[in-house]
Amino acid sequence: MAADSAFLAFQAQESRARAGGAMGALRLRGLGPVTMDSFFFGCELSGQARSYTFRVEEEDNTEHVLALTMLCLTEDAKEECNVVEVVARNHDNEEIAVPLANLKLSCQPMLSLGDFPLQPPVTFHLTSGSGPVHVTGRHQIVSMEGSELSEENESEDRDPELLPVLPAKKRQGRL
């Protein structure tokens, strides 16, 4: 429930930020105030540092999202394929490794990911090539107050009572 709320809060902030709205605190239905902080994230993968792990300390009522925005080679990169792999957890909490990008200076020196959200811990590996590859994004911290909902309130939020469908009234005569 808390992870779902954090993702909804993240998406709500993204929508408001793109529309030019205010950032900061917002309310989600059934929860207290939600505050969001956003910090720049960046790391470099190269022949000397082939891996980087993004971890956070667990805190009460806090969810973290790493929103990846871009992977790019620098001008110092060689003309070779640079494959970046991400290791994270799937919906079953199993660790999985997925190739994220295959960058080459002459044909694809960068890859834009928009705001690709990942739940920490996340590890980036340079599995092929010598880089340097820069990984950039934003570390979103969502703090929720009063996030403990009873099952009763939660089911009310999910299943609103549907009103019965009434038959349409028939018109008398022709227009």
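A: Start with the whole. The protein chain has an accessible surface of about 11600 Å² (Shrake-Rupley method, 1.4 Å probe; for residues, only the protein chains shown count as cover). Carbon and sulfur atoms hold 51% of that surface. The model is predicted, so local features need pLDDT of at least 70 and side-chain atom pairs count only at pLDDT 80 or more, while totals for chains, interfaces and linings use all residues. Residues are numbered from 1 along each chain as its sequence is written, and side-chain values use heavy atoms, without hydrogens and water.

Of the 175 residues in the protein chain, 33% are buried (under 20% relative accessible area; over 50% is exposed, partly exposed in between; 1.4 Å probe, protein chains only). The chain has two helices and nine strands (DSSP runs numbered from the N terminus: H or I, at least four residues; E, at least two). Along the sequence the pattern reads α-β-β-β-β-β-β-β-β-β-α. Take contacts between residues at least 6 apart in sequence: 77% of them join residues at least 24 apart (contact: heavy atoms within 4.5 Å).

Now the close look: the open sheet. Four strands form it, in the order β3-β8-β5-β6, and their pairing is antiparallel (pairing needs at least two DSSP bridges). The edge strands are β3 and β6, and each pairs on one side only. From one strand to the next, the twist averages 20° (axes are lines fitted to C-alpha atoms, for helices over the stretch in contact; angles run from 0 to 180 degrees between N-to-C directions).

Follow β8, residues 122-128. With β3, residues 51-54, β8 pairs over four bridges. Here Ser-51 stands opposite His-125, and Tyr-52 stands opposite Phe-124. With β5, residues 82-89, β8 pairs over five bridges. There Glu-85 stands opposite His-125.

The largest nonpolar core has 20 residues (buried Ala, Val, Leu, Ile, Met, Phe, Trp, Tyr and Cys, joined through side-chain atoms within 4.5 Å). Phe-124 is among those with the most contacts inside this core, along with Phe-41, Leu-68, Leu-71, Val-133 and Val-135. At least two core residues come from each of β2 (33-45), β4 (62-73), β5, β6 (95-103), β8 and β9 (133-144). Strand β4 gives the most, with four residues.

Take Val-133 next. Neighbours within four places in sequence aside, Val-133 is in contact with residues including Leu-45, Leu-71, Val-84, Leu-103 and Leu-126. Leu-126 also touches Ser-46, as do Ser-130 and Pro-132. Ser-46 lies in the loop between β2 and β3. Ser-46 counts as buried because its relative accessibility is 7%.

Asp-115 sits in β7, residues 110-118, and Arg-138 in β9; the two are 23 residues apart, and the pair links distant parts of the chain.
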